[in-house]
Amino acid sequence: MALQSSGAISLNDIAGEFGGSQPHSLSEYYGVASGIPSSGAIDFADFYGASAAIDVAWMLVAGAGGGNSGGGGAGGMKEGTANGLTSGQTISVTIGGGGTGGRSGVVTNGSTSSMSGQVSASCTGGGGGGTQSAWAISGNANAQPRNGGSGGGGGRNHNARGTGISGQGCNGGYGTQSGNLGAGGGGGKNTAGGNGGTSASGNGGSAKSYFLGTYAGGGGGSGEGVTAGSGGGGGATGGNSHTASHATANTGSGGGGGVNAYLHGSYYGYGGSGGSGVAVIRYAGGTAASGGSISSSGGYTYHTFTGNGTFTVS
């Protein structure tokens, strides 16, 4: 319950709201809530209307898809708020891993990230990229660009793309059917992946800047025989040799597309892996909770989760 907004406030009133150890002093409560100084002069009047309850904003990103010939799709991304959290209340966080990059039959989608407790949310992993269409025969599901939070890009000479989920991400780009040329880029949070063309593969869909970073960009399409597609902010650039870039960890961005080959009865491919997911919880004022990696900027405290963990209000 918030302190009164006028009249006399005592140290006992403040301690009753915020806790602490006796003997109490005002300096014990530097930065304890939004609007209360974190250093220097501090006065009883600074505590008018102050509350130990905190209002949080959060973002959650799933793991991204791996690249094949087409770029991997970004992990699904959501944002929201939760108000009035009090001491002992929790938010449990699960972070999804990035998908494997490579060739047909190896490439995987990213994994789901979720929150439970005072926030209930789930984001779907990004779709893996598709392979070159010479091997994308009817019924070969492993060769197709996959659906996900954002969709994977179609492979070279393959007029297909993976689709994204509304509110989480966007579609991947189509591969061109003008010969074995450009592959599609993976979808990103803000925009769809670019389509492959006769001289260049599609770029990954654009990422979203939020809180302190940039997240959920698509992976660029393969550079085999054409200009490689660039990653969409954290997403990996497509490769033009027997390598492709891996996406940056804990961005939820897609792996780059790489060279595909079929030699001596076997499939080969060199797509990059997708980036793992991430979660960030933010509130105004000094540290008022535990969990994750804690930092501060611009009057806010941030708890960043790059793996599973629990946010607990102090």
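**Note on the predicted model: sheets, salt bridges and selected residues**

1. Start with Pro23. Pro23 sits in the loop that runs between helix 1 (11-18) and strand 1. Helices (H or I, at least four residues) and strands (E, at least two) are DSSP runs, numbered from the N terminus. At 74% relative accessibility, Pro23 counts as exposed. The cut-offs for relative accessible area are these: buried is under 20%, exposed is over 50%, and partly exposed is in between (1.4 Å probe, protein chains only). Pro23 and Leu11 are 12 residues apart along the chain, and their C-alpha atoms are separated by 9.8 Å.

2. A word on the basis. This is a predicted model, in which local features need pLDDT of at least 70 and side-chain atom pairs count only at pLDDT 80 or more, while totals for chains, interfaces and linings use all residues. Residues are numbered from 1 along each chain as its sequence is written, and side-chain values use heavy atoms, with hydrogens and water left out.

3. Two strands pair if DSSP finds at least two bridges between them.

4. Strand 1 (residues 54-61) runs antiparallel to strand 2, and seven bridges join them. In this pairing, Val56 stands opposite Ala82 of strand 2. Strand 1 is also joined to strand 10, again antiparallel, by five bridges. There, Leu60 faces Ala279 of strand 10 from the opposite position.

5. How much of strand 10 is buried? Five of the seven residues in strand 10 (residues 278-284) are buried, so the strand is mostly covered. Strand 10 also pairs with strand 13 (residues 300-305), antiparallel, over six bridges. Val280 stands opposite Thr304 of strand 13. As background, side chains in a regular strand alternate between the two faces of the sheet.

6. A further open sheet holds five strands in the order 5-4-3-14-11, with antiparallel pairing. Strand 5 (121-123) and strand 11 (289-290) stand at its edges with a single partner strand each, so one side of each has no neighbour in the sheet. Strand 3 (residues 90-94) and strand 4 (residues 113-117) pair antiparallel over four bridges. Ser92 stands opposite Ser116 of strand 4.

7. How many salt bridges does a search of the whole structure find? The search finds two. The criterion is a side-chain nitrogen of Lys or Arg within 4 Å of a carboxyl oxygen of Asp or Glu. In general, side chains of opposite charge can pair when their charged atoms come close.

8. Take Lys208 and Glu79. Their side chains meet in a salt bridge at 3.2 Å, N to O. Lys208 lies in strand 6 and Glu79 in strand 2, so the pair ties together parts that are 129 residues apart in sequence. Glu79 is partly exposed, with a relative accessible area of 27%.

9. Then Glu224 and Arg156. The closest N and O atoms of this salt bridge are 3.0 Å apart. Glu224 lies in the loop between strand 7 (213-215) and strand 8 (260-263), and Arg156 in the loop between strand 5 and strand 6, so the pair ties together parts that are 68 residues apart in sequence. Is Arg156 buried or exposed? Arg156 counts as buried, at 5% relative accessibility.

10. Look at Ser150, in the loop between strand 5 and strand 6 (208-210). Ser150 counts as buried because its relative accessibility is 0%. A polar atom of its side chain lies 3.2 Å from the backbone oxygen of Gly188. Leaving out residues up to four places away in sequence, Ser150 touches a set of residues including Gly73, Ala74, Thr163, Cys170 and Lys189. Contact here means heavy atoms within 4.5 Å.

11. Gly197 also belongs to the loop between strand 5 and strand 6. Gly197 counts as partly exposed, at 23% relative accessibility. Which residues does Gly197 touch, not counting residues up to four places away in sequence? They are Thr176, Leu181 and Gly182. Gly197 and Gly220 are 23 residues apart in sequence and 13 Å apart in space, C-alpha to C-alpha.

Methods: A polar contact is a pair of N or O atoms within 3.5 Å; within protein, one must be able to donate a hydrogen and the other to accept it, and residues adjacent in sequence count only if both atoms are side-chain atoms.
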